[in-house]
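Dear colleague,

I am handing over the structure we talked about, and below it you will find my notes. Please read them with the model open beside you.

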Amino acid sequence: MATLATNSVVHIREDLANVINNISPEETPVYSLLEKKKATNTRHEFLTETLNAANASNAVAEGAEFVDTAMTTPVRLGNYTQISQKVINVSGTLQAVNTAGTNNEFGRQVAKAGVELKRDIEAAIVGNSASNPGGAGVARRSAGIESWIATNVSAGTGGASPGYSAGTVAAPTDGTLRTLTEAMFKGVIQQAWTNGGDVKKVIAGPALKQAISGFTGNATKYTLSKDQTVTAGVDVYVSDFGRHEIIPHRYMRTRTVILFDPSLWAIATLRAMKTEDLAKTTDADRKALLTEWTLESKNELGNAKISDVQP
């Protein structure tokens with residue numbers, strides 16, 4: 001008996017799910033935490049100031065003449081706005097055919113580009129780029145948090161963090177890699193606290209986040225055995241100087257741990273994110289999605305970082 005089977009015919013419809021599955025991460029934890037404000041120029045400037053050191057010898061004799069106190073004045077800092085953009089270009093034919101998962105491929109690509117653009121900004125915020133005023137054919141760059149932090153730093157041999165000087169922020173120099181330890185972690189928190197800081201958030205790449213979860217100071221975290229749950233991660237580290245939330249970060253450098261106070265940073269936007277139609281020169285629709293922004297460092301003294309580390 002001759003049975004007609006599926007492999008003998010050509011008119012079977014394809015089985016293609018009408019869903020596009022995308023598991024790429026979309027979260028921007030640092031960008032979401034920071035204050036948003038308005039920039040009005042391509043160089044965004046801001047002021048920072050410190051008090052005179054505490055003086056336990058501040059005592060004067062009865063009837064002594066008044067002596068003027070040395071005054072502190074604000075320091076003027078600045079960062080440059082960075083233009084971040086995505087350009088979407090979809091042919092007319094692709095928009096006309098029957099695509100799976102969407103009935104508007106152009107709109108889908110625009111929406112996806114918006115998510116990608118926010119991730120790009122997140123990566124720049126936490127990164128180690130130097131600031132750059134730009135020029136002919138050279139893009140302006142905003143310095144990232146890793147570059148701004150220059151005081152409370154634990155670095156490997158040869159590592160250096162010049163920070164802000166003469167109007168620009170220099171990129172840090174990498175040193176010799178060493179193993180991340182709890183002593184390093186506690187040490188920079190103490191430095192930041194001594195300088196008036198209150199470190200609330202800690203970001204680290206996945207491997208270093210796991211290393212922090214192994215700190216012995218957190219041995220008491222295993223307390224929920226009654227529900228047969230093993231808790232191996234540390235989301236909050238309580239030091240002598242406060243509570244510090246540990247956040248795994250996908251886009252930062254894997255050799256750095258950043259400890260920061262969100263209130264000491266802000267995103268200043270010169271041009272809010274918008275879409276612009278581009279001139280039609282081919283059988284395609286083009287649209288640009290862009291924004292212009294910079295990172296404001298209100299006072300890097302209240303933050304810290306551990307550089308040149310591995311698990």
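Which strands does helix α5 lie across, and at about what angle does α5 run to β15? Before the answer, a word on the basis: this is a predicted model, in which local features need pLDDT of at least 70 and side-chain atom pairs count only at pLDDT 80 or more, while totals for chains, interfaces and linings use all residues. Residues are numbered from 1 along each chain as its sequence is written, and side-chain values use heavy atoms, with hydrogens and water left out.

The sheet and its helices

Helix α5 lies across β5, β9, β10, β11, β12 (257–260) and β15 (304–306), and runs at about 160° to β15. Contact here means heavy atoms within 4.5 Å, and the axes are lines fitted to C-alpha atoms, for helices over the stretch in contact, with angles from 0 to 180 degrees between N-to-C directions. Helices (H or I, at least four residues) and strands (E, at least two) are DSSP runs, numbered from the N terminus. The six strands form an open sheet with mixed pairing, in the order β5-β15-β12-β9-β11-β10, where two strands pair if DSSP finds at least two bridges between them. Because β5 (153–154) and β10 stand at the edges with a single partner strand each, one side of each is left without a neighbour in the sheet. Strands β9 (residues 201–204) and β11 run parallel and are joined by four bridges; Ile203 has Ile247 in β11 as its bridge partner. Helix α6 (residues 206–213) lies across β9, β11 and β12, at about 125° to β9.

Aromatic pairs

The whole structure holds six aromatic pairs, counted when the rings of Phe, Tyr and Trp (its six-membered ring) have centres within 6.5 Å, with planes under 30 degrees apart called stacked, over 60 edge-to-face and the rest tilted. Phe185 and Tyr237 have ring centres 5.0 Å apart and planes at 70°, so this pair is edge-to-face. Since Phe185 lies in helix α5 (residues 182–194) and Tyr237 in strand β10 (residues 236–239), the pair ties together parts that are 52 residues apart in sequence. Both Phe185 and Tyr237 are buried, on a scale where buried means under 20% relative accessible area, exposed over 50% and partly exposed in between (1.4 Å probe, protein chains only). Trp193 is partly exposed at 47% relative accessibility, and Phe241 is partly exposed at 25%. Elsewhere, Phe46, Trp148 and Tyr164 form one aromatic cluster.

Salt bridges

There are 21 salt bridges in the structure, each a side-chain nitrogen of Lys or Arg within 4 Å of a carboxyl oxygen of Asp or Glu. In one of them, the closest N and O atoms of Glu35 and Lys298 are 2.4 Å apart. Glu35 lies in strand β1 (residues 35–38) and Lys298 in the loop between β14 (284–297) and β15, so the pair ties together parts that are 263 residues apart in sequence. Arg76 and Glu45 meet in another salt bridge, at 2.8 Å from N to O; Arg76 is in strand β3 (residues 75–80) and Glu45 in strand β2 (residues 43–48), 31 residues apart. Arg76 is exposed, with a relative accessible area of 59%, whereas Glu45 is partly exposed at 35%.
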